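Me: I have a structure open and would like to go through it piece by piece. Can you help me read it?

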Amino acid sequence: MKYFASQTGLRRIFVLLCVGFFVVSSSFFVRYYVVKKPFGLSAACFTVYKKLGMLGWQTKKSLYYDGYLRDLLAVYRSPFFAEEEKFADSIKAGHIENQKVVFERFAQDQQKIAASTLYHLGLLKPANDQIYDVTDSNVLSRLKERYAGNAKQAQHMLAVLDCLILPQKEQLLKTHFDFKDVIVARDVQTRSLAEKQISGFERDRIMIMGIILDTVIKKDLVPRFYDYDYLDEIEIIAESVYTLYQEAGSIRGQRFLQALNLLTDNDHVSGQKLGQKIKHFLGLQHPYIPLRMATEPGLKNANPAVYDVLSGLKAEDNMQKFLDANTKYSGDQLKKQGKTDSRQLSLLRGYEKNHHVLLRTIIKLMQEGKLTKNDEVLIIGPRYVNEILFFREHLGLPKTIGLDLCANDYIVVGDMHAMPFENNRFKLVYVCNTLCYSYYVRKVADEISRVLKRTGYACIVDHGTYVEGASMIGRSDVMNADALVGLFYKQTFNVLAQDNGVPLASYKSKNQASCVLELC
């Protein structure tokens, strides 16, 4: 009897151990394979669960879908799913990496611009890929020789060299540099200018403008616009691409801008912005025009009235006309669909490669007490109420409202370029697939920064790198997550999450850029 009792106890212990092992292994499986990286049978089960809810989506309360949301959020909130890395650790690592990348980028660009300029002016020769024979003692006399004794032109070019080269001359002398690409690119441009019968000092300054612009304009780090080209933004670009997360603007690119201002110094362009001055020399058909969609047949077929208004319209020339057209576009979509959206919630749509990283980051902020039910939350461009209700009822953020061009439940009518809210009001601003409709996304980034508290959080996801470029309806192309983060270069911030996701419409864009920023 005692033996039997002891056996029963052992069996009980064994059963408890098995149950414990099953719970732990199941939570591990759910965490890493169902939620973070769904595949196979688990993905199929979750998909069926979601589809059942979609059948009753039009009702405010869908039994199946609400159940799915509750279960999913319960998994993310459970102690088994607790993230190992704290925000403080990831922020520190992010700053170290950002500092390394920006400093290397700036150093390499300085060297490239300096070497290319000196090579073009005949002030150095490449030998075994090493820069040598560069001194400033005889630079002025050699420039006078180059410009047939014109001392004014020689002094002008020497001032340009002072900006670009002489401050780092000693470092440059010790630097190895691959001249192959530089020589090819400069020779092509030299032939082009020769064909236009541009020579001497004028040729040199156009060539050096090209050297600086080709290096500073990093097309993968800055947005593309339908209404503006890269030269319109050159001062912003030269500052933003060399700014650290914690700097709120940088003076590193000022050296390049000073050189460009000197190169464009001309009586005919005095008083103009730098971009316009450069266009005076390069012409309107310059190589710094971003890819743009020539026509938009989808919009023309679906809404010809809006197409006719937006076609050929530059937004800032008639803002009211631009806003009216976009209001009609959004209003027509709302009438067709109704108050709720037939699509899945954007936070669950699977844009991110790091599965649901935006949702998980928001939940983590709430778990660490950085975001609470008493905080106000703004969703920009929700159009439908689904997203707002999800934030209010499921995430537990009841003070969530929306901003859009058309009225709906919990939505304030207004323009995201000039939001009708006071400064420092919201703790979290969420934006999904709305920035692309901005005519100038930098204005929206400034407005988000204005209405956010400090500390506040910007959670953003949008289409990146449009296959055919920016269009008359999608006038801003944020390109990728790095360019999206770079929109906030005027602020000091931490990057809590960043992802170049997979677009659901690959024929339209190449990635789905997203990030969560902590503005300090």
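Predicted model: local features only at pLDDT ≥ 70, side-chain atom pairs only at ≥ 80, totals over all residues.

Me: ok, then Asp-227 and Arg-475, buried or exposed?
Reply: Asp-227 and Arg-475 are both buried. Their side chains meet in a salt bridge, at 2.7 Å from N to O. Asp-227 sits in the loop between E3 and helix H10 (234-240), and Arg-475 in the loop between strand E8 (452-466) and strand E9 (476-477). The two are 248 residues apart, so this pair links distant parts of the chain.

Me: why would two side chains like that pair up at all?
Reply: Side chains of opposite charge can pair when their charged atoms come close.

Me: how many salt bridges are there?
Reply: The count comes to 16. One of them joins the side chains of Lys-218 and Asp-109, with 2.9 Å from N to O. Lys-218 lies in the loop between helix H9 (200-216) and strand E3 (224-225), while Asp-109 is in helix H4, so the pair ties together parts that are 109 residues apart in sequence. Lys-218 and Asp-109 are buried.

Me: and what does Asp-204 pair with?
Reply: Asp-204 forms a salt bridge with Arg-146, and their closest N and O atoms are 2.7 Å apart. Asp-204 belongs to helix H9 and Arg-146 to helix H5 (residues 139-146), 58 residues apart. Asp-204 is buried, with a relative accessible area of 0%, but Arg-146 is partly exposed, at 30%.

Me: which residues are in the network with those two?
Reply: The network of salt bridges links Arg-146, Arg-203 and Asp-204.

Me: switching topic. what's the strand order in the 7-stranded sheet?
Reply: The order is E6-E5-E4-E7-E8-E11-E10. This sheet is open and its pairing is mixed. Strand E6 (411-413) and strand E10 (493-501) are at the edges with a single partner strand each, so one side of each has no neighbour in the sheet. From one strand to the next, the twist averages 20°.

Me: what holds strands together in general?
Reply: Strands of a sheet pair through backbone hydrogen bonds, either parallel or antiparallel.

Me: so which sense do E10 and E11 use?
Reply: E10 and strand E11 (residues 509-519) pair in the antiparallel sense, over 8 bridges. For Val-495, the bridge partner in E11 is Leu-517. Helix H4 (residues 87-120) lies across E10 and E11, and runs at about 80° to E10.

Me: now the largest nonpolar core. which residues touch the most other members?
Reply: They are Leu-310, Leu-378, Val-429, Ile-448 and Ile-460, out of 49 residues in that core. Helix H18 (residues 441-451) supplies the largest share, 5 residues. Another core, of 44 residues, lies apart from this one and has Leu-123, Leu-143, Leu-158 and Ile-212 among its members.

Me: what is Val-429 in contact with?
Reply: Leaving out neighbours within four places in sequence, the contacts of Val-429 include Leu-378, Ile-380, Ile-448, Val-451 and Tyr-457.

Me: last one, Ser-449. where is it, and what does it contact?
Reply: Ser-449 lies in helix H18. Its relative accessibility is 5%, so Ser-449 counts as buried. With neighbours within four places in sequence left aside, Ser-449 is in contact with Arg-454, Phe-488, Gln-491 and Leu-519.

Key. Residues numbered from 1 in each chain as written. Heavy atoms only, no water. Core = buried A, V, L, I, M, F, W, Y, C linked by side-chain atoms within 4.5 Å. Buried < 20%, exposed > 50% of the residue type's maximum accessible area, 1.4 Å probe, protein only. Helix = DSSP H or I, 4+ residues; strand = E, 2+ residues; numbered from the N terminus. Contact = heavy atoms within 4.5 Å. Pairing = 2+ DSSP bridges. Axes fitted to C-alpha atoms, helices over the stretch in contact; angles between N-to-C directions. Salt bridge = Lys/Arg side-chain N within 4 Å of Asp/Glu carboxyl O.
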